[in-house]
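These notebook entries record what I looked up in one structure, topic by topic.

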Amino acid sequence: MNYTVGEPIRDTKAPEGPIEDRWDKRRFSAKLVNPANKRKLNIIVVGTGLAGGSAAATLGELGYKVKSFCYQDSPRRAHSIAAQGGINAAKNYRGDGDSIHRLFYDTVKGGDFRARESNVYRLAQVSVNIIDQAVAQGVPFAREYGGLLDTRSFGGAQVSRTFYARGQTGQQLLLGAYQALERQIAAGTVEMHTRHEMLDLVISDGRARGVIVRDLVTGEIETHLADAVVLATGGYGNVFFLSTNAKGCNTTAIWRAHRRGAYFGNPCYTQIHPTCIPVSGDHQSKLTLMSESLRNDGRVWVPLRKGDDRAPGDIPEHERDYYLERIYPAFGNLVPRDIASRAAKNVCDEGRGVGPGGLGVYLDFADAIGRLGRDAVEKKYGNLFEMYERITGEDPYVRPMRIYPAVHYTMGGLWVDYDLQSTIPGLFVIGEANFSDHGANRLGASALMQGLADGYFVLPTTIGDYLANGPFGEVEQEAVDEALGQVTGKIGRLLSTSGNRTADSYHRELGKIMWEYCGMERTEESLRKALERIPELREEFWNNVKVPGEEEGLNQALERAGRVADFFDLAELMCLDALHRTESCGGHFRAESQTEDGEALRDDENFAYVAAWEHSPEGTPVLHKEELDYEYVHMTQRSYK
Amino acid sequence: MNLTLKVWRQNGPADSGRMVTYQVEDVSPDMSFLEMLDVLNERLILEGDDPVAFDHDCREGICGMCGMVINGVAHGEQRATTTCQLHMRHFKDGDTVTIEPWRAAPFPVVKDLVVDRGAFDRIIQAGGFISVPAGSAPDAHSIPVKKENADDAFDAATCIGCGACVAACPNGSASLFTAAKITHLGLLPQGQPERDSRVVAMVEQMDLEGFGGCTNTGECTAVCPKGISLDVISQMNRDYLKAAN
Amino acid sequence: MVTPRTTPPKAQKTPKRPGRQGLSGFLRSSNGKKAVMAVSGAVLVLFLIGHMVGNLKIFLGEGTFNSYAEWLRTVGEPALPARTMLTLTEIVLALAVIAHMWSAVSLARRAAKARPVKYAARRKSQANGYVVHTMRYGGVIIVLFVVWHLLDLTFGAVNPKGYDATPYDRVVAGFDPSRWWVTAFYVVALVMVGLHLRHGLWSAFQTLGLANGRARHLLNVGAAVLSTLLVLGFLAVPLAVMIGAVK
């Protein structure tokens, strides 16, 4: 696969001037919509996670006519619900030196200098409002005996700025947004469409004007039109088949929008989380994350000798390799996510992995239990140990846990400007679905912050500026018909290909290719191999997939097949992006670009830009570069030795 | 191991439905219950049959989407566990496993094991929220909350809305679900202004949807994957008596 | 303007929200019915305790027992006409029984409507076992028993000694060993009452919102103790007659 280089993106619409004033400036310069007009303006919001749920609720409250869509049976199921750790906010309630500027700085640095300063600064500013909003909604954050909110330090941050609700922060925040959304549904400002999946975008007169959706219960293909469309459809980690994402998470909405002209930003940036429960066999359908906090007391090791299949307890101390402590004596078991993940992969590649398929390393609590006592360990990690035992059937108090990295989050997504508007006017993209705030690597507890910042605070302001020029008149019938034709054509083709493999089996194979060649460590060779294999497999898929049933009625196999088809195309673009970016940065590690110590080595001279990919009908993607300038944070190389 | 599955098949709301028997072979004890059904479905697809429809999403016990009655018990006999977190090591070679959808009039069957739980959303719409437009909130520290209350509110708020309580209740009551939200919001100072109207409206909606009444059998809390306590129902009852009169 | 070509939203079957609660609204709601059940049940429990205490007077001798029965009829005299207190009590009890049965029937009908399709697999109780599932048929047995009991010992209609005998004689004759099946029915019914109370006692507190956390545990123990004592207290009389300790 080849690409061409197009015009660079020069204007991201961020206001000029001191960084701390930019959001204020934008809020003031944004045109307002007269309240009477809001009732005449229709907005479609796809997805009901933290970003989509909070956006739909807020836009409904403001008086717009909102239609909200989700593929699940209720907006409360969106995968934001699974986030465990917490949410960052620059409240400085601890007085430990936190500030908006520090959160901004940490996020830019954590993103390995591949995020926009203006966006990140705004995120840090808005973070404080999110906590206020959530508390007012009744989100039961953890509190101290004095009645004030508790915070903890998370993901290696030196300040305690993470607010949390036990291990279920995502759930509690999502339920807050969900309840606000249900309130608007009851008030009649939001019309909810559950069990509906977006399959295409309608563009008329150059503007995003609607969506084509399939009612997953009846199978009916519906057209919904509006004055603006908001995509909040989450990340695409499921391109790897196995990930910590929910089974239904998919790329179809953003990929269809990309095909219609929205640029795709940094598709190769993938975050891989080091502490997940390993794969137990070919039947595995998803991976479960376990809190990173386990690394505070657990020691990571593998047998010194290759193929040593003795039980862990039978391997004497001197035949164990505590490789993180050995390679990174300063940080030891607490090195950042990407480093811990890569190190695990390396020892497994050497044939020293443990458990089924040799894809796992031990996380051993024997020392902690010896030092602190079993009770203390149980108090700290009891629920995590229980979860581990439930899934693996092994008792981690007696036998060391086995862990392995898993795909967790995708920093890439549709390219958006400062207003969260994509390159298609009227198409806004929020939450994990856009590429914006995390650069090449997302910090822990920042995903929830970004989703809610976009949905509650940023989008409702910026979308008004766009809608102030609306309503936008009639939608061209041909545009609708063309999109409908695309959708029904694809469904028809899937149902009529009477092959002999299931969509899931192709998805699994695609996932293996991606994990192997475009996973934790990428090389020119591996990526070229992937770019060869993916089109071959896609070809086979379209000729040999077997999708049972009919277009009418609930057909879960058809839903899955449609998603897999789009994953193929996305996978190709991810590999192309990874291939063109010959530097390493954040979650993107190119083996060719590393320091002597095996750390990611950035190439700021050549790659300090956002790669925004344009789809071209001829099939050759066009690369548009958005240069990144750092006025406030100086680019440095990180080191954890 | 090999298992005999008796699965409820129903081709849509209008179909009367029936139990269908399937054999599944080579089930690994490390599989989750849903992965075992995945294996069955892959085979059914290749054999040209209609795969069994069931709801699922996160597969880590938090989204509340999955749920089936396994051998007569909602989410199966393993305590405090959703169907997706139930593993096959709890079954024995040669077992017969009966799999049915949630049974309740307010949860009509969509297809096979998939039911429509929209009634739960409508109960929340009736009052399961605190009215606060974005941007209007005071500083989070302006109102301290007793830690005990915050903790109890959290415990009630962990409900995942899966509907197992309704499925297990001999009366088909949604009291545990409804009461969990009433208790969560009622324990917090922010929830006080709407406390009375909330409980009355939510109980009314619960009744209108056609759920049965609570007779304190405790079956709901016993199958609840999050172990929501009967305390919440007691709290709802108290709030209701106070508010309704 | 946007063309109205959009597919209309599916009719949400959101039932309409009724207005504020009145008494009728309260009685229509499942929570209201439960409260009626709890309060009427509490009245009946208080009566049962008094009834049992009265019964046990039989062990103090025929005279004491008969004069106690007489006192029940004459209490309040001469300020009040004869039987005033007794009649009032009977009215309250009758109302409580009717209210209790009304709420039970309407909740049972609601429950039946809420689950039109039964499970194929035998539903296994995951909660505290069997007792709670005896409430409905147990209640029916108890009602049948009460009818018999009134005919037997209150109106004497089915008692060998008839209405004109003294209460003591009616008791002794009613539980005569030759009528063992009466006693057997009595025992079965009382065990049902015991089971009914085992769940009903704490359940009333739960329904009225008075059973939280630790209190529920105490109430549960209390319910077990009180229901056992009541059953034993009531069984003492017929068993004593059976074995000839009272004759």
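**Entry 1: the contact of chains A and B**

I began with the contact between two chains, to which chain A gives 73 residues and chain B gives 73 residues; contact here means heavy atoms within 4.5 Å. The model is predicted, so I note that local features need pLDDT of at least 70 and side-chain atom pairs pLDDT 80 or more, whereas totals for chains, interfaces and linings use all residues. Residues are numbered from 1 along each chain as its sequence is written, chains are lettered from A and ligands numbered from 1 in the order in which they are written, and side-chain values use heavy atoms, with hydrogens and water left out.

I next looked up the buried area, which is the accessible area (1.4 Å probe) that two parts lose on being put together, summed over both. For chain A and chain B the value is about 6100 Å², with 54% of it on carbon and sulfur atoms.

How many salt bridges cross the interface of chain A and chain B? I found five, a salt bridge being a side-chain nitrogen of Lys or Arg within 4 Å of a carboxyl oxygen of Asp or Glu. One of them joins A:Lys91 to B:Asp139, at 3.0 Å from N to O.

I also recorded 43 residue pairs in polar contact between chain A and chain B, both residues at pLDDT 80 or more. A polar contact is a pair of N or O atoms within 3.5 Å; within protein, one must be able to donate a hydrogen and the other to accept it, and residues adjacent in sequence count only if both atoms are side-chain atoms.

On the side of chain A that touches chain B, the elements that each supply at least two residues include α3 (50–62), α5 (117–137) and α6 (169–187). Helices (H or I, at least four residues) and strands (E, at least two) are DSSP runs, numbered from the N terminus. The largest share, nine residues, comes from α6(A).

**Entry 2: the second largest cavity**

I searched the whole structure for cavities and found 19 of 30 Å³ or more. A cavity is a set of points on a 1 Å grid over the protein atoms alone where a 1.4 Å probe fits but cannot get out; lining residues have an atom within 4 Å of a point. Grid points are joined across faces, edges and corners, and a volume is the space filled by probe spheres set on the points.

The second largest cavity holds about 320 Å³ of space. Its lining has 23 residues, and among those nearest its centre are A:Arg560, A:Arg563 and B:His56. Of the lining, α16(A) gives the largest share, six residues.

**Entry 3: backbone geometry**

Most residues other than glycine have a negative phi, and most peptide bonds are trans. I noted a cis peptide bond from A:Gly470 to A:Pro471, with omega near -10 degrees; A:Pro471 lies in the loop between α12 and α13 (477–496) of chain A. Another cis bond runs from C:Glu77 to C:Pro78, with omega near 0 degrees. I found C:Pro78 in the loop between α3 (62–74) and α4 (84–114) of chain C. A:Arg166 has a positive phi, near 40 degrees, and lies in the loop between β6 (162–163) and α6 of chain A.

A:Arg22 lies in helix α1 (residues 22–29) of chain A and A:Glu631 in the segment after β21 (622–627), so the pair ties together parts that are 609 residues apart in sequence.

Key. On a 1 Å grid over the protein atoms alone, a cavity is a set of points where a 1.4 Å probe fits but cannot get out, and a pocket is an open set with protein on both sides within 12 Å along at least five of seven lines; lining residues have an atom within 4 Å of a point.
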